[in-house]
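Here are my notes on this model, point by point. Please read them with the structure open.

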Amino acid sequence: MSAPAAEPAGRATAVAPANIAFVKYWGARDLERAIPVNPSISMTLSRCVSRTTVDLAAGEAPDEVWLGRIDDPGAWTDPGDAFRSRVVAHLDVLRRRHGLARVGPGAGRFRVVTENSFPAAAGLASSASGFAALAVAVASVLRGGGPATRISDLDRGELSSLARASGSGSAARSVLGGYVEWPAPGGAADDPRAVQLATAAHWPLCDVVAIVETGAKQVSSLEGHRRAAGSPYFARRLEELPRRLETVRRAIAERDFPALGAVVEEEAIDLHLVAMSSRPPVFYWAPATLAVLDAVRALRRDGVGAWSTMDAGANVHVLTTPDEEEAVAERLRSVPGVHTVIRDRVGDGPTVTVSRGEPVDEEETAR
Ligand code: DP6
């Protein structure tokens, strides 16, 4: 499909990674604004990324949203109404936060082209990486001050808040690299912003993802958050969290993998316990999820350091060390029901490239 030619007043391309939660965001004080009930901690990934380009143009035309290869306009496809509406709603918030009108004098309209490094059919969540990339790209293109906009010039706390404003809470963590904590607010009016606990270089952990389900999940995270407080185990899990959070923070600081793994696995099972006992219940697991969990326990019995976690879906993320990554990937590939194995690892966070017209001027990696 071809898109209309644009005369960009500026262009920014942001690459933002997905993340895997060690302590999960599950349940919201204010769902629309993605204000969480509890603090969460995650590891930012490096290979599962969204790459989003925004062109800023004047004029009255509506925003354009495309899925595709940024370097190949011939390959752009229409993402459909639901996706477009969510992106435009986030653009509206970003415009407001940056003091731009949607139409009229000083208006900013955007053409957005976004693509994922991981296959859309892999059933991995792309909203954290996608909305983090959109927030970084828009902030970069609007920052002004010449072509040399760099991600290190941007306020990470502000970016975290802008990413969260998409409604995808986990996006608030994807604007930072390494190990990241997103605190819980004091009240619903607060604006909790993620902070980095440790860099990726501090501890090079791997995440081997066993893909057991390739379609979209039947119940969105949004709906899962909505139902969570109805579970009789919701309050019980919250009581456990201060201890879990403290253990995870300490394990990251001291690079204590067995301590981290045990608590991360316990927390993931609890998240799904809450989901399964919500009213009506939410079952994210597939039969092969249990088979993978079993294989991970078998790996540990064989002396391999491997610990599992699942977000709101059937796929299993297996944390391991670089030395044991190959053995873990090989074992997971042999589990019946596993379609693919994706080998990812901790990463440095988003990058951005900004240009005011052509050509592209600068690229920098944030660490
Ligand atoms: C289970 O509301 O951030 O992954 O927008 O679909 O990414 P998406 O979900 P979001 O909830 C995340 C739920 C979770 C746990 C987590 O990542 O903390």
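1. Start with Asp311. One of its polar side-chain atoms lies 3.5 Å from an oxygen atom of the ligand. The side chain of Ser127 also reaches the ligand, with an N or O atom 2.9 Å from a ligand oxygen. Gly169 uses its backbone: an N or O atom there is 3.2 Å from an oxygen atom of the ligand. A polar contact here is a pair of N or O atoms within 3.5 Å.

2. The protein buries 93% of the 450 Å² that the ligand exposes when taken alone. Areas are Shrake-Rupley values with a 1.4 Å probe.

3. The ligand is surrounded by 13 residues, and the closest are Tyr25, Ser127, Ser168, Ser170 and Arg173. A residue counts as near if one of its heavy atoms lies within 4 Å. The shell holds 4 nonpolar, 6 polar and 3 charged residues. In this scheme Tyr counts as nonpolar and Gly as polar.

4. Why does the ligand lie between domain 1 and domain 2? Both domain 1 (10-200 + 352-357) and domain 2 (206-345) give residues to its shell, so the ligand lies between them. The bounds come from an automatic or database domain assignment.

5. This is a predicted model: local features need pLDDT of at least 70, side-chain atom pairs need 80 or more, and totals for chains, interfaces and linings use all residues. Numbering runs from 1 along each chain as its sequence is written, and side-chain values use heavy atoms, without hydrogens or water.

6. The chain averages a pLDDT (predictor's confidence, 0 to 100) of 89, and 88% of residues score at least 70. Residues 1-7 stay under 50, with 15 contacts (heavy atoms within 4.5 Å) beyond four places in sequence. Residues 358-367 are also below 50, with 27 contacts beyond near neighbours in sequence.

7. Check two backbone features. The Arg279 to Pro280 peptide bond is cis, with omega near -10°. Ala34 is a residue other than glycine with a positive phi, near 50°.

Notes
Polar contact = N/O pair within 3.5 Å; in protein donor to acceptor, adjacent residues only side chain to side chain.
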